[in-house]
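Hi there,

Here is the structure I promised to pass on to you. Have it open while you read, and I'll walk you through what turned up.

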Amino acid sequence: VGIMQTFHTDAYARSSAMFTGFEQYSAAAWVGDVLPEDPGSATWKFKTLVGISPDPLTATQIGNIVAQSGNYYLNVAGINITAEGTMGGGSFIDITQGMDWLTSIIQTDVFIVLANILKLPYTNAGMAVIEGTLRGDLQRAINANFLAADPPPIVVVPDVASQAPSDVAARGVKNITFSA
């Protein structure tokens, strides 16, 4: 059992494997090419890797790699490209990377708001501050080409009066959601 099969069988959500038949560092070249870009703003497919030779793969070999959510480097129509751009669990690298980045900036920015204000009132006006922060982060993700601008993101902040008394007493807010 190879590492590619293990990543796929165990549905590794944040690990990817690249096949190479040569003694070269395809995966390192791939990471070096795409990782400097804004998270989620570039796909990991169709990348030409500097100094890396493509593998002469058969259709059967490609099918086996794809069946294991693996990646490979080959020549198509005279252009060397990476394929498929997936994690072991089958999701695309750029989507996973972008979601992790978006989650991180939302958590960080909401924390910064809470840490730098004397008191955020438990009112609809106070919740509007959190909503504005969330909307700003979603716009940042649109500007980075991770999220689509159309349709625009939808943010739902529940009315403070609808919060459970136990959540109000604990100064917690539940059910702030967005779709984008």
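Phe 7 counts as buried, because its relative accessibility is 13% and the cut-off for buried is under 20%. Tyr 12 is partly exposed, with a relative accessible area of 34%. Phe 7 and Tyr 12 form a stacked aromatic pair, with 4.9 Å from centre to centre and 25 degrees between the planes. Please keep in mind that this is a predicted model.

A search of the whole structure gives two aromatic pairs. Trp 30 and Trp 44 also pair up, edge-to-face, at 5.3 Å centre to centre and with 85 degrees between the planes. Trp 30 sits in helix 2 and Trp 44 in the loop between helix 2 and helix 3, so this pair ties together parts that are 14 residues apart in sequence. Both Trp 30 and Trp 44 are buried.

Next, the core. The largest nonpolar core has 16 residues, and Trp 101, Leu 102 and Leu 147 are among those with the most contacts inside it. Helix 4 and helix 5 each give two or more residues to this core, and helix 4 gives the most, with six. Leaving aside residues up to four places away in sequence, Leu 147 touches Leu 102, Leu 138, Ala 141, Ile 142 and Ala 180.

Finally, the largest pocket holds about 500 Å³ of space. Its lining has 12 nonpolar, two polar and two charged residues. Helix 4, helix 5 and strand 4 each supply at least two residues of that lining. Leu 114 and Met 127 are among the lining residues that lie nearest the pocket's centre.

Happy exploring!

Methods:
Residues are numbered from 1 along each chain as its sequence is written. This is a predicted model: local features need pLDDT of at least 70, side-chain atom pairs count only at pLDDT 80 or more; totals for chains, interfaces and linings use all residues. Side-chain values use heavy atoms; hydrogens and water are left out. On a 1 Å grid over the protein atoms alone, a cavity is a set of points where a 1.4 Å probe fits but cannot get out, and a pocket is an open set with protein on both sides within 12 Å along at least five of seven lines; lining residues have an atom within 4 Å of a point. Grid points are joined across faces, edges and corners, and a volume is the space filled by probe spheres set on the points. Helices (H or I, at least four residues) and strands (E, at least two) are DSSP runs, numbered from the N terminus. Ala, Val, Leu, Ile, Met, Phe, Trp, Tyr, Cys and Pro count as nonpolar, Asp, Glu, Lys and Arg as charged, and the others, Gly among them, as polar. A nonpolar core is a set of buried Ala, Val, Leu, Ile, Met, Phe, Trp, Tyr and Cys residues joined through side-chain atoms within 4.5 Å. Buried means under 20% relative accessible area, exposed over 50%, partly exposed in between (1.4 Å probe, protein chains only). Contact means heavy atoms within 4.5 Å. Rings of Phe, Tyr and Trp (its six-membered ring) pair if their centres lie within 6.5 Å; planes under 30 degrees apart count as stacked, over 60 as edge-to-face and the rest as tilted.
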